[in-house]
Structures are given as C-alpha cells and as structure tokens.
Amino acid sequence: MERPGSSSDQVLIDRARAGDDRAFRDLVERHEPRVAATVVGMLGSGDEAEDVGQETFIRLYRSLDRFRGESSLGTYVTRIAINLSLTALKKRKRWISRFVSQDETERDLPEASWDPRGELERKEDVRRVREAVERLAPNHRAVVVLRMIDGYSTRETSEILGIPGGTVMSRLARAMERLEREMKESEDG
Amino acid sequence: MDDRELLIRYRDGDLPDEEMAGVEERLRSEPELRARWESLEGIATLLQQGAARSFDPFFAARVVARLRKSDSSAPVEGMYEALRWIFARVAVACVVVMLALGAYSALEGGYGGSMVDSVMGLPEATLETALALGG
C-alpha cells in the first residue's frame, strides 16, 4: 500500500507519536483500503462499518507507543479491525439470536458446486456472494475476509486470529463450500 | 485433507511439487474436480470484485476529528472522576462523624426522654419549654 517516494510506516508512526496530525492522517489514508475491505467484508457497508473503521484507527493511534514492529503495521491494524468487527457482530447477535438458530449457520452441508456465469450477471453475482458472506458464522466469515479478500496467507491469518493454521484451512474450506452451495441455490431458486 | 482444502492449497501454491503435479493431473482427468475448481475460482474472483476499498470520502479527516474530539473531552472526564473520588470520601467521613456523635449521645443519655432524642442529642421538649422559648 506504500506509495513510491512516500514516507515509510515507521517514519509516519514516529511523527504521529510526536503529535503530527498530518502524519497520522497519511497512515489512515494508506491503510484505509485494507481496513475498509476487512470491516465492510465482516459487517457489510453502512454506519456500523464506518464507526468500526474509525474506531480501528483511534485504537491504532492510542497504541502507537506500544507498537514494536514485530508484525507489519498492516497486519497490526487488520488485527484491530477484525477484533472490533467480531465484537460488533457479537453485539448484533444478541439482538438476532432469538430468531436465527446457530445450528442453521453451522450445520453440515451436502457437496455442491456452482458455475460462475458471464459478465452480464457479474454485478448480481457480486451482490449475491456478498450477501452469502454475511450469512456465514462470524469465525468463518473472518477467515474468508482475511484469506480471500484481504489476501493474507494462511500463516498471517493464523497470527491475526490467534488460531492454528489447520483451523484456518478447515474453516476456509467449509466456508467456501457453503458459499458455493448458497450461490448455486440462489441461482436455481 | 478433502478435495476443497486440497484445491485451496493448490491455489495458494502451498503443496509440494509432486502434489501440485498430482492435482493438475486430476484436474485434467476428473470433470467433477475441474467443476469444483472453477467454482472456487469464480467465488474468489467475485469476493475480490465485491471488496470495499474505501469508506465514504474524507474518512481520514473524520477519524482525526473524532480523535481530537475525544482528546478534548478527556480533561473534563478526569475532573469528573476526581470530584467523584472527593465526594465519596467526604460522604463516608460525614456518616462516620454522625454515627460517632449519635453513639456518644446515646451513651451519655442525658438529654431527651426517647432513644431518638438521645441519639440526636435533643433536649426534652415539653409544652412549657416551647412556650418559654416563644417568649
């Protein structure tokens, strides 16, 4: 995400720590695409995603003194974003848990495959796959967002979520299976 | 490892060379696996195409404004907490003093006729004393 000729993350962090608002604003603009992909992927677009996106960077600002650079700033900020998104989903779940059974989101599904279609239906397919992602269980959704949208490797995803790599793979496989099935069902229906 | 996980690892290039070659061979010879691969690739493409890459315009400015707003409210919150701390201790001290005075008055017992009068340290009130006070 770093532009040629622009300051490195570390330089911007040092300046932001010294109270330079412009430097922090540059950091926000640099990492906004990654945070937006993560938060909107997890929560869908809207005010809640905007709020969690803002809160992600405010938490980042308040933890700049503790950032030691063991991971890249991108990974660090993604970890904050995914954790805040999961918390937001938990709050949301309190409201809807009476109406949607967890068994329904976690049940084993039969094998299915889905045929991607031509360009004409692409936008409709994008909408349907986004809706299908929003129906995934939060822990499966997080893996799909980090692996398939943000482009993190299995190892990076494992570090961000604090779960073993094997769990990342198994959740991803199950989530992709469900997405294929939902795409096929909505196409047939 | 099931076929879907195998295909994801194949897509990541996260398999030893001989297993990569084995998957390619299977993709050529097994239409069902080929269909599953195309399905996986199709969904991966849609996920990428549908990904948000920004929030509404001027997002960074809104973040900095919110940060500064929360910074400016911090001293007020600090003062509120300090006042709460002081009031809590003053209230406890008042209760302790009142209990001590009440206990002292009750033990002395030299004022009123009732227990309440004794605890409150009130003199015995009669009609004569009230009239005398009124002049």
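Let me start with a network of salt bridges that links A:D51, A:E55, A:R59 and B:R66. By salt bridge I mean a side-chain nitrogen of Lys or Arg within 4 Å of a carboxyl oxygen of Asp or Glu.

A word on the model, everyone: it is predicted, so local features need pLDDT of at least 70 and side-chain atom pairs count only at pLDDT 80 or more, while totals for chains, interfaces and linings use all residues. Residues are numbered from 1 along each chain as its sequence is written, chains are lettered from A and ligands numbered from 1 in the order in which they are written, and side-chain values use heavy atoms, leaving out hydrogens and water.

Now the interface. Here 47 residues of chain A are in contact with 35 residues of chain B, contact meaning heavy atoms within 4.5 Å. The size of an interface is often given as the accessible area lost when the parts come together. For chain A and chain B the buried area is about 3,800 Å², with carbon and sulfur atoms giving 63% of it; that area is what the two parts lose on being put together, summed over both, with a 1.4 Å probe. The rule finds seven salt bridges across this interface. B:D12 and A:R147 also meet through their side chains in a salt bridge, at 2.2 Å from N to O.

On to chain B itself. It has six helices and zero strands, where helices are DSSP runs of H or I with at least four residues, strands are runs of E with at least two, and both are numbered from the N terminus. Of its 135 residues, 25% are buried, that is, under 20% relative accessible area; exposed is over 50% and partly exposed lies in between, using a 1.4 Å probe and protein chains only. Take the contacts in chain B between residues at least 6 apart in sequence: 26% of them join residues at least 24 apart.

Next, helix α6 of chain A, residues 122–134. Which residues of α6(A) are buried? They are A:D125, A:V126, A:R128, A:V129, A:A132 and A:V133. These cover an arc of only 170° around the axis, which puts them on the same side of α6(A); the arc is taken from the directions from the helix axis to the C-beta atoms. Their cover includes α2 (21–43), α7 (138–149) and α9 (165–188) of chain A, together with α3 (31–49) of chain B.

One joins A:R30 and A:D9 at 2.7 Å, N to O. A:R30 lies in helix α2 and A:D9 in helix α1 (residues 9–17), so the pair ties together parts of chain A that are 21 residues apart in sequence. Both A:R30 and A:D9 are buried.

Two others sit within single helices. In α8 (residues 154–161) of chain A, A:E159 and A:R155 are four residues apart, about one turn, and their closest N and O atoms are 2.8 Å apart. A:E159 is partly exposed at 41% relative accessibility, whereas A:R155 is exposed at 55%. In α9 of chain A, A:E185 and A:R181 are likewise four residues apart, about one helical turn, and their side chains meet at 2.6 Å, N to O. Here A:E185 is partly exposed at 40%, while A:R181 is buried at 18%.
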